[in-house]
Amino acid sequence: MVTFEFFVQEGCVPDESRPRIVAEIEAVCAEVLGAEAGPVSVSWTVIRKGFGFRGGEPSTTSLVRSRIPDGHGSDVRARFLRSIAETWRNLTGAAEDEVIVSARDWSWAG
Amino acid sequence: MPFYRCLIPKDSLTYEQREEIAVAFTDVHCGHSTAPRSFVQVAFLETDGSGEVADSHGSGVLRYDTPYFIAGGNRAGRSEETKRLILSGLIEKFSEIGGIPADMVSGRITEAPASWTMEAGRILPEPGAEADWLEEPAAAA
């Protein structure tokens with residue numbers, strides 16, 4: 001299973017674009033991680049305007065945090081992160097430095 | 001990264017307080033590490049009170065029993081002392097700026113490897129290697 005938690009700043013990702021974002025991210029998961037990665041689960045957290053900051057300044061940055069099955073090497077993980085970031089930018093119009101993507105192993109306790 | 005989520009009661013902090021806390025968190029984090037200021041993300045999320053929140057850098061949930069909670073997520077690789085100084089500094093500043101008794105604020109920081117995160121199209125550097133990472137674009141140009 002692959003889970004995503006999207007943290008987005010209010011007004012930066014239109015509601016109507018969400019279904020397509022999810023569909024394309026599911027496609028990236030299947031392509032890069034393979035079908036054995038299993039189903040994809042997504043949750044959204046909208047950070048209200050005036051409630052999100054980066055470097056102490058109001059933020060327009062989205063954080064795309066995911067958990068993926070254990071066992072993928074650094075090359076696959078890097079390709080996954082890059083593909084997710086590119087997909088996000090293409091669909092939201094975000095600049096390269098406005099999206100942060102992570103993928104931690106499912107068993108990682110933190 | 002880091003990503004600091006401040007779970008707060010509804011209408012408990014003004015914009016000015018949130019902004020000042022975000023600046024202070026940036027000062028604290030960068031004062032105890034070599035991270036550039038642009039790495040520091042702070043979000044305020046209003047809740048109904050104590051409870052739990054999904055761990056952004058580990059598995060499961062982080063439980064808390066104070067009205068205010070700082071859920072931090074950092075790159076792994078710093079000393080226990082550095083991590084302790086960062087968290088205590090965050091709580092101190094949060095309490096001071098918010099005018100909130102320190103015993104009403106708690107926090108926890110979990111970590112994940114730097115190589116598991118991509119920012120600005122590049123894999124993040126290990127803690128302490130930020131200077132080289134920041135110079136890479138200029139070197140490549």
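A salt bridge, as I use it here, is a side-chain nitrogen of Lys or Arg within 4 Å of a carboxyl oxygen of Asp or Glu. The structure holds 13 salt bridges over all chains. One of them joins R63(B) to E52(B), with 3.3 Å between the closest N and O atoms. This pair links distant parts of the chain: R63(B) sits in strand 4 (residues 61–64) of chain B and E52(B) in strand 3 (residues 51–54) of chain B, 11 residues apart.

Some housekeeping. This is a predicted model, where local features need pLDDT of at least 70 and side-chain atom pairs count only at pLDDT 80 or more, while totals for chains, interfaces and linings use all residues. Residues are numbered from 1 along each chain as its sequence is written, chains are lettered from A and ligands numbered from 1 in the order in which they are written, and side-chain values use heavy atoms, with hydrogens and water left out.

Helices (H or I, at least four residues) and strands (E, at least two) are DSSP runs, numbered from the N terminus. Two strands pair if DSSP finds at least two bridges between them.

One open sheet has 6 strands in the order 2(A)-1(A)-5(A)-6(A)-7(B)-8(B), with mixed pairing. Its edge strands are strand 2 (40–47) of chain A and strand 8 (122–123) of chain B, each pairing on one side only. Inside this order, strand 5 (residues 62–68) and strand 6 (residues 99–105) of chain A pair in the parallel sense, over 7 bridges. There, R65(A) stands opposite S102(A).

Next, the helices of chain A. Contact means heavy atoms within 4.5 Å. Axes are lines fitted to C-alpha atoms, for helices over the stretch in contact, and angles run from 0 to 180 degrees between N-to-C directions. Helix 1 (residues 18–33) of chain A lies across strand 1 (2–9), strand 2 and strand 5 of chain A, at about 135° to strand 2 of chain A. Helix 2 (residues 74–92) of chain A packs on the sheet too, touching strands 1, 2, 5 and 6 of chain A together with strand 7 (117–119) and strand 8 of chain B. The direction of helix 2 of chain A makes about 145° with that of strand 6 of chain A.

What about the interface itself? The contact takes 37 residues from chain B and 35 residues from chain A. Chain B and chain A bury about 3,000 Å² between them, 57% of it on carbon and sulfur atoms. Buried area is the accessible area (1.4 Å probe) that two parts lose on being put together, summed over both. In chain B, Q41(B), W116(B) and M118(B) lose the most area to chain A, together 25% of what that side buries.

How many salt bridges cross the interface of chain B and chain A? The rule finds 2. E119(B) forms a salt bridge with R54(A), with the closest N and O atoms 2.8 Å apart.

Two local points in chain B to finish. The peptide bond from M1(B) to P2(B) is cis, with omega near 25°, and P2(B) lies in the segment before strand 1 of chain B. D11(B) has a positive phi of about 60° although it is not a glycine; D11(B) is in the loop between strand 1 and helix 1 of chain B.
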